[in-house]
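I opened my notebook and wrote down what I looked up, one entry at a time. Please follow along with the structure beside you.

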There are 2 protein chains.
Amino acid sequence: MSLSEKVLSGDVRAAARLMRDIDDARPSATEELKQLYGRTGNAYIIGITGPPGAGKSTLVDQLTASFRQQGKKVGVVAIDPTSPFTGGAILGDRIRMNRHATDEGVFIRSLATRGALGGLSRSTSDVALVLDAMGMDIIIIETVGVGQDEVDIVKAAHTTCVVMVPGLGDDIQAIKAGILEIGDVFVVNKADREGVDRTARELETMLEMRNAAAGSWSPQVLKVEAQRGAGIEALVDQIRAHRDFLFASGTIDNLLRERNQRHFVDILRDSLYRRVMDFMEQDAVLARVLDGMGAGTLDPYSAAEDVIAGMLKKG
Amino acid sequence: MSLSEKVLSGDVRAAARLMRDIDDARPSATEELKQLYGRTGNAYIIGITGPPGAGKSTLVDQLTASFRQQGKKVGVVAIDPTSPFTGGAILGDRIRMNRHATDEGVFIRSLATRGALGGLSRSTSDVALVLDAMGMDIIIIETVGVGQDEVDIVKAAHTTCVVMVPGLGDDIQAIKAGILEIGDVFVVNKADREGVDRTARELETMLEMRNAAAGSWSPQVLKVEAQRGAGIEALVDQIRAHRDFLFASGTIDNLLRERNQRHFVDILRDSLYRRVMDFMEQDAVLARVLDGMGAGTLDPYSAAEDVIAGMLKKG
C-alpha cells in the first residue's frame, strides 16, 4: 500500500511520515499529495492568529476539547517560531496539549518557521491537506505573529480568529489595524486582566469605522478566559455563525477559489525555485556568481537574468 | 542624467523616486540598480529587531542622533506592518523621527510588509543599496517581529541588535530562543521597568549556555532607556566593538559572501516568479488551472509541473 492509501485508510503513523516528508521537501511527498488531493475538501479550517503572549495555544486547546465533545475529529497545525540556526522548532508537539495526547480523534502537528524560503504557507496547506484526507472534521491552524507570512497562512482558513490581550505595548494599535481585515471573529483573551473592556471597545470601534460592503460579514468581539475555559462556547457559536454565513451568502465559492490560487502559486514558486537551484548546482554557477559579486565585476540583477536565460535555453 | 547618476550625485529626490520604483517593482528600477551596484559597499549596516512594543523606533531615533553627532550620514529603512487589504503601511515616514526631518544627513524610508510575495528582504536589500550609493555611512534596518522574514532581513546587517523588554508575556521565552542566534548585541530596553534585571540575567544565562565556537563573538546584554537616551553610548560602543571583531577576525568575508548569496537568490526567485506569472497571463492559464482545481479534476502539484514544463519548452 502506498503512503497516501495508508493515510486514507486512517493510518496515523503514515500521516505523520508523510508530513515529515513534506517538511523535508521530498519529491515523493508531492506524488503522494497528488493521490490525496481528490479526497480532500471536507474539513472546516479555522485559523487562530495574534501576537506572542496572547494565549493562542491555550485557546486552541479549549477549542479542540469543545469540538471533541461534539464528536468531531480535530487536526491542529501549529506554526512555531524556529531557531534560524539550529533549524529546530522551539515549541514541540510534545509540550502542546498533553491532555489530548491519548485521544485518537486529535492529531497535532507543529511546523517550524524555518527557511523553506517562502515555503511555509505551502507546507501549511500541504499538511492541512493530509489532515483533511485523514478525515479530520475540523482543522485548526495556529500562527504566532503579525507578519505577511502569518497573514498568508490564515488566508487558508474558512474562519479566522484574531486573538488579542490587553496591554501588550505601544505598537499594538498598528498591529490591530493590520489584522483588522483578516479577522472573522475577534477574541480578547485573558478577560480577567485589567484593561480588557477598553481593548474590546477599541476593537469594536475600529471594526465599526471600516467601510464594510453591504451584505458582508460583521465580525464580533468576544471576551474569553481561555485558561478557565470561559467564553469558549460563545466562540464556537460565532465560528458556526460565520460558516453558515459563508455558505448562505455564496462567499464560500470566492474564498475557495482564492485559496486554491494561493496554494497553486505557492507550489509553482517553490517548484521553480528548486528547479533553478538544481540548474545552478551544475557547473558551479552559484560559486561563479558569488565570486563575481565579491570582486565587484558582476551585479546580482544581471546575474539573475543570465541564469534564467540559461535555464530557459536549456529547456 | 539617469536616475542612478542623480542618486550618485547626492540628489535626495531622485533617491526617493528610485526607492518608490523599487517598491512598485518597476523593471526600470532594476536597470538603475545595476548602474549603482559598483558604487556600493561602503556603508555599515546595523539591524534592529525585536517584538512589537519593545521601543525599537525610539532606539533607532537615539542611535541616529548619536551617529549624527559623530558627523556620520545615516540612512534608516524601517519595515512597517502593513494592512494586507489596503496595501498601506500603518506607520508612515512622517510620524517617524520628526526631529531629524530637516537634517540633510539623515534619510528615512519606510517599507511596507505588503505581499511582494517573499520580496520584502529583496526590497530591503535594494533600498539599502540605494542608501549606500547615496553615501550614507551608517544604514539602520529596523524590523518588527520574529518571523522568518525578519530573520532574513537582519541577515543583511553587519551588526544585529536584538531589543527586548521585560514582561511581554508567556511566549517570550520561545522568541528569545529563536532570536538568540541572530543577535550580536542584546538590548533590554525600558530599563526603568520592573523585571529588567531578571530579563537581562535570563538572556545572559541563555547566551552562556550556547555552544559558541572558540574565537567567535560573545554578545553582550545592555540595559537601555531609549526614551531618556540612557545607555545609548554603551550600545554604540558595542556596535563598534563588533565591527572591529568582524574585520580583525576575518569573519567579514564570510558574512559578505552570505549576504551576496541571499540577495542574489532573492532577486533570482523574484525574477522567476514574475516570469512565470507573465507566462500564465497568456492564454488564461491560471483561470484554467483554477477551474480544474475547483472541479476536482486537477491537482495543483501536477498543474505546477505542467506550467513549468510549458514555460521551459517555450524558452
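Entry 1: Helices here are DSSP runs of H or I with at least four residues, strands are runs of E with at least two, and both are numbered from the N terminus.

**Entry 2: ground rules.** I noted that this is a predicted model, in which local features need pLDDT of at least 70 and side-chain atom pairs count only at pLDDT 80 or more, while totals for chains, interfaces and linings use all residues. Residues are numbered from 1 along each chain as its sequence is written, and chains are lettered from A and ligands numbered from 1 in the order in which they are written.

**Entry 3: the helix itself.** I checked the length of α4 of chain B, residues 56-69. At 1.5 Å a residue its 14 residues should span 20 Å, and the end C-alpha atoms are 20 Å apart, which agrees. The expected span is 1.5 Å times one less than the number of residues.

Is α4(B) largely enclosed or open? I found that 10 of its 14 residues are buried, so the rest of the structure largely encloses this helix. Buried means 20 or more other C-beta atoms within 10 Å of the residue's own, exposed means 12 or fewer, and partly exposed lies in between, with C-beta atoms placed from the backbone. Among the buried residues I listed Lys56(B), Leu59(B), Asp61(B) and Phe67(B).

**Entry 4: α4 in chain A.** I then turned to α4(A), where 10 of the 14 residues are buried. Leu63(A) and Thr64(A) are among them. Gly71(A) comes after this helix, with a positive phi near 85°.

**Entry 5: a strand in chain B.** Which residues cover the two faces of β6(B), residues 185-188? I saw Val185(B) and Val187(B) on one side, Phe186(B) and Val188(B) on the other, and all are buried.

β6(B) pairs with β5(B), residues 159-164, in the parallel sense over four bridges; strands pair if DSSP finds at least two bridges between them. Four bridges also join β6(B) to β7(B), residues 220-223, and these strands run parallel. I picked out Val188(B), which stands opposite Met164(B) and opposite Lys223(B) in β7(B).

I also traced β6(B), α8(B) (residues 196-209) and β7(B), which make a right-handed β-α-β unit. Right-handed means that, with the strands pointing away from the viewer, the path from the first strand over the helix to the second runs clockwise.

**Entry 6: one arginine.** Arg269(B) sits in α10(B), residues 251-281. I counted it as buried, because 23 other C-beta atoms lie within 10 Å.

**Entry 7: chain A as a whole.** I noted 12 helices and seven strands in chain A. Of its 315 residues, 51% count as buried.

The domain assignment gives domain 1 (1-39), domain 2 (40-249) and domain 3 (267-314); such bounds come from an automatic or database assignment. How many residues of domain 1 touch domain 2 in chain A? I found 14, in contact with 12 residues of domain 2, where contact means C-beta atoms, placed from the backbone, within 7 Å. On that side of domain 1, α2(A) gives the most, with six residues.

How values were computed
Contact = placed C-beta atoms within 7 Å.
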